[in-house]
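Thanks for coming. I will go through a few salt bridges and then one hairpin.

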Amino acid sequence: MSGKFSGNPITEWTGDRDMILTEPLTYQDPEGKDWTAPTGTVVNGATIPRALWSSVGAPFVGKYRRASVVHDYFVGEGANPGVSRKERRAADKMFYHACRTDGCSPRFAAILYIGVALGTWASKAKSVFKLGFDPDDESFEESPADRLLRTKFEKMVKDLDESLDGDEINQLDRLIRENL
């Protein structure tokens, strides 16, 4: 998998889960397009719904950390509001390739790609889904919305395992469309 990062993110904590980039971070995708998260970008780690943390990983762990920083900027979080659906989809695909660049297997990058697609889907239903970490909520009970999200995720991963043929992002997009 080709692609490269300009380095590692240099950040400062600004809140419970937010950090701000103190230097830009660039990912160059396999087609040679530069994706630069500029200084001042607010990032919060991989936007993985809390219900999936035990399945995928928490926001600041794993080989997808650098990919998540650039992805946060290009999906309209922090300092880049007003991202269109088309731009969001392009950023999700960039995230997949950036995960592969940083050493994620095709299967794990696909699982993360499904996760960001679910995050987009769930964020449209903000009143139903609790996506972020709430440090004041110490309950470990799974809500009905979390259960629905986890169930959809598990079904897509099962379907992925049965249908993924190599490193094909179009197959992933079809799988996601069929399940959301």
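Is R88, at 16% relative accessibility, buried or exposed? R88 counts as buried, because its relative accessibility is 16% and buried means under 20% relative accessible area, exposed over 50%, partly exposed in between, with a 1.4 Å probe and protein chains only.

Before going on, this is a predicted model, where local features need pLDDT of at least 70, side-chain atom pairs count only at pLDDT 80 or more, and totals for chains, interfaces and linings use all residues. Residues are numbered from 1 along each chain as its sequence is written, and side-chain values use heavy atoms, with hydrogens and water left out.

R88 forms a salt bridge with D92, the closest N and O atoms being 3.3 Å apart; the term means a side-chain nitrogen of Lys or Arg within 4 Å of a carboxyl oxygen of Asp or Glu. Both residues lie in helix 3, four residues apart. Helices (H or I, at least four residues) and strands (E, at least two) are DSSP runs, numbered from the N terminus. D92 is also buried, because its relative accessibility is 1%.

The whole structure has seven salt bridges. One of them joins D102 and R66, at 2.4 Å from N to O. D102 sits in the loop between helix 3 and helix 4, R66 in helix 2, 36 residues apart. D102 and R66 are both buried.

Now the hairpin. Strand 4 and strand 5 have five residues between them, and G32 in the turn has a positive phi of about 90°. The strands run antiparallel, joined by four bridges; pairing requires that DSSP finds at least two. T26 has T36 as its bridge partner.
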